[in-house]
Amino acid sequence: ITMQAFIGITAITTLALAVVTSERRAAELRLADLARTDALTGLFNYRALTESLDAEVARAMRRGQAFALIALDVDRLKEINDTLGHLVGNVAIRRVASAMRLNCRSIDVAARVGGDEFVVLIAGVSSIEALARTAKALIENLSRTYKVEDREIGISCSVGIAVYPDGCRASKLIARADAAMYAAKHAGGNAVGVEAAWREWRMR
């Protein structure tokens with residue numbers, strides 16, 4: 001084999017190995033992304049939320065800044081599933097995801113953590129009033145009638161807010177936001193519950 005041929009073969013082999021390595025790395029990144037993403041909505045999943053929560057706690061401790069969690073639940077989703085079917089229910093869930101993307105900043109983390117339960121991590125909180133405005137915007141963007149396959153469905157949601165630090169460990173913050181959200185739901189839904197002060201603002 002001539003030196004020129006050897007160099008050519010070596011170059012082709014190196015290029016092939018580079019392509020294989022690149023494709024493998026891309027596949028690994030796709031798998032890692034899928035492991036942190038909700039398949040139905042494209043939002044982050046519970047695992048990604050907890051990772052972001054741990055990072056935000058560390059950042060808040062360094063900088064002395066507060067952050068918040070907004071828990072959101074679709075009102076009467078079971079009724080929608082039972083009467084109109086899960087396909088329509090899935091459309092309602094995706095509507096929630098779209099509203100969350102519309103109302104979240106690039107530094108916030110929006111996640112679907114259960115069937116009809118969502119959480120938004122809001123970084124750099126300045127006031128509970130600002131959080132309430134964000135929550136109200138979510139409700140207003142969702143509380144409308146949608147047409148799905150010649151059917152009209154009305155969607156509303158209940159929202160709960162918990163702020164860190166508020167005297168609890170970060171690991172309990174999701175549970176406290178959930179508690180505030182369920183208080184709003186039990187009060188009739190389509191409302192915002194604020195865990196820190198146990199208050200509710202009716203949005204109707």
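User: At what angle do H3 and H4 pack, and how far apart are their axes?

Analyst: Please note at the outset that this is a predicted model. In general, two packed helices are described by the angle between their axes and the distance between the axes. Here H3 and H4 pack at an angle of about 145°, and their axes are 7 Å apart.

User: Which residues make the contact?

Analyst: H3 contributes Leu77, Ile80, Asn81 and Leu84, while His86, Val88, Gly89, Ala92 and Ile93 come from H4. Of the residues in this contact, six are nonpolar, three are polar and none is charged.

User: Which residues of H3 are buried, and why do they lie on the same side of the helix?

Analyst: The buried residues are Leu77, Ile80 and Asn81. They lie on the same side of H3 because the arc they cover around the axis is only 95°. Their cover includes E1, H4 and E5. On the face turned away from the buried side, H3 carries the exposed residues Lys78, Asp82 and Thr83. Just after H3, glycine 85 adopts a positive phi of about 100°.

User: How many residues does the largest nonpolar core have?

Analyst: The general idea is that in soluble globular proteins, nonpolar side chains tend to be buried together. In this model the largest nonpolar core has 35 residues, and those with the most contacts inside it are Leu72, Met100, Phe118, Leu131, Val159 and Ile161. Elements giving two or more residues to this core include helices H3, H4 and H5 as well as strands E1 and E3. H4 supplies the largest share, seven residues.

User: What does methionine 100 touch?

Analyst: Leaving aside residues up to four places away in sequence, methionine 100 touches Leu43, Ala110, Ala111, Phe118, Val119, Val120 and Leu138.

User: Which residues of H5 are buried?

Analyst: They are Ile128, Leu131, Ala132, Ala135, Leu138, Ile139 and Leu142. These residues are on the same side of H5, because they cover an arc of only 120° around the axis.

User: Is asparagine 141 buried, partly exposed or exposed?

Analyst: Asparagine 141, found in helix H5, counts as partly exposed because its relative accessibility is 22%. Not counting residues up to four places away in sequence, asparagine 141 touches Ala99, Leu102, Asn103 and Tyr146. Asparagine 141 and asparagine 103 are 38 residues apart in sequence, with 8.9 Å from C-alpha to C-alpha.

Key. Residues numbered from 1 in each chain as written. Predicted model: local features only at pLDDT ≥ 70, side-chain atom pairs only at ≥ 80, totals over all residues. Heavy atoms only, no water. Core = buried A, V, L, I, M, F, W, Y, C linked by side-chain atoms within 4.5 Å. Buried < 20%, exposed > 50% of the residue type's maximum accessible area, 1.4 Å probe, protein only. Helix = DSSP H or I, 4+ residues; strand = E, 2+ residues; numbered from the N terminus. Contact = heavy atoms within 4.5 Å. Arc of directions from axis to C-beta. Axes fitted to C-alpha atoms, helices over the stretch in contact; angles between N-to-C directions. Nonpolar A, V, L, I, M, F, W, Y, C, P; charged D, E, K, R; others polar.
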